[in-house]
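Subject: Structure for you to look at

Hi,

Here is the structure I promised to pass on. Have a look at it first, and then read on for what turned up.

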Amino acid sequence: MFNLILFGPPGSGKGTQSIKIAEKYYLKHISTGDILRNEVKEQTVLGKEAQSIINNGALVLDELLIQILHSVIENNRGVTGFIFDGFPRTTVQADALDQLMLKVNSAINYVISLEVDDDDVKKRLLKRADIEGRKDDNETTINNRLDVYKSQTSPLLNYYDKQDKLVKVEGTGSIDDIFESICGKFKD
Ligand code: AMP
């Protein structure tokens, strides 16, 4: 299997790049944000629990995310690989993901970190708010999400760097140029 994690602050283009990478390498794209938004839309038990947390820009409980990932991985046995977009976001989730991958006799190959500075990210998210109308794309929530990213998620960069899996990619520029530089990082 070929398994990737797309890493980066909110608004760094993870979703856009994940879709393109999934298409090129025939990977199953897993966006935990999309999964959670769908649960909210359907007003499932999980969705109701997650709704206000998402709207505040905080993180949904690790246990819930790990459960979701467990069933997605189990239900997709036999795929070429996965691209994880928005997961893991905490060290607890990263440990759980390693265990889940082991269970299917696999492992993460690369962690791609999209590097975009705060000002750029804020501008992009506010623009997205106009286009997509996501409830968590307002200024207060954006600031929370960036704080959460810095305090809880960015320490994972070190976790994957130690495993020699981290690849940093400049996340500013055209979608196609960024895509090319990501693909150029994979060794045969
Ligand atoms: P995203 O679309 O990836 O920016 O995710 C939107 C929101 O969903 C986040 O701000 C969190 O509230 C929640 N979320 C998504 N993925 C996770 C995760 N791996 N752990 C905890 N919360 C998450």
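Let's start at the ligand: a polar side-chain atom of Arg-89 sits 2.9 Å from one of its nitrogen atoms. Taken as a whole, the protein covers 96% of the 480 Å² of accessible area that the ligand has on its own. Bear in mind that this is a predicted model.

Gly-86 has a backbone N or O atom 2.9 Å from a nitrogen atom of the ligand, while for Ala-58 a backbone N or O atom is 2.6 Å from a ligand oxygen.

Who else is around? There are 16 residues around the ligand, and the ones that come nearest are Thr-32, Arg-37, Ala-58, Arg-89 and Gln-93. Sorted by class, that shell has seven nonpolar, five charged and four polar residues. Helix H2 (residues 32-42) gives the largest share of the shell, with four residues.

Now, how confident was the predictor? The protein chain has a mean pLDDT of 95, with 99% of its residues at 70 or more.

Cheers

Conventions. Residues are numbered from 1 along each chain as its sequence is written. This is a predicted model: local features need pLDDT of at least 70, side-chain atom pairs count only at pLDDT 80 or more; totals for chains, interfaces and linings use all residues. Side-chain values use heavy atoms; hydrogens and water are left out. A residue is near a molecule or strand if one of its heavy atoms lies within 4 Å of it. A polar contact is a pair of N or O atoms within 3.5 Å; within protein, one must be able to donate a hydrogen and the other to accept it, and residues adjacent in sequence count only if both atoms are side-chain atoms. Accessible areas come from the Shrake-Rupley method with a 1.4 Å probe; for residues, only the protein chains shown count as cover. Helices (H or I, at least four residues) and strands (E, at least two) are DSSP runs, numbered from the N terminus. Ala, Val, Leu, Ile, Met, Phe, Trp, Tyr, Cys and Pro count as nonpolar, Asp, Glu, Lys and Arg as charged, and the others, Gly among them, as polar. pLDDT is the predictor's confidence in each residue, from 0 to 100.
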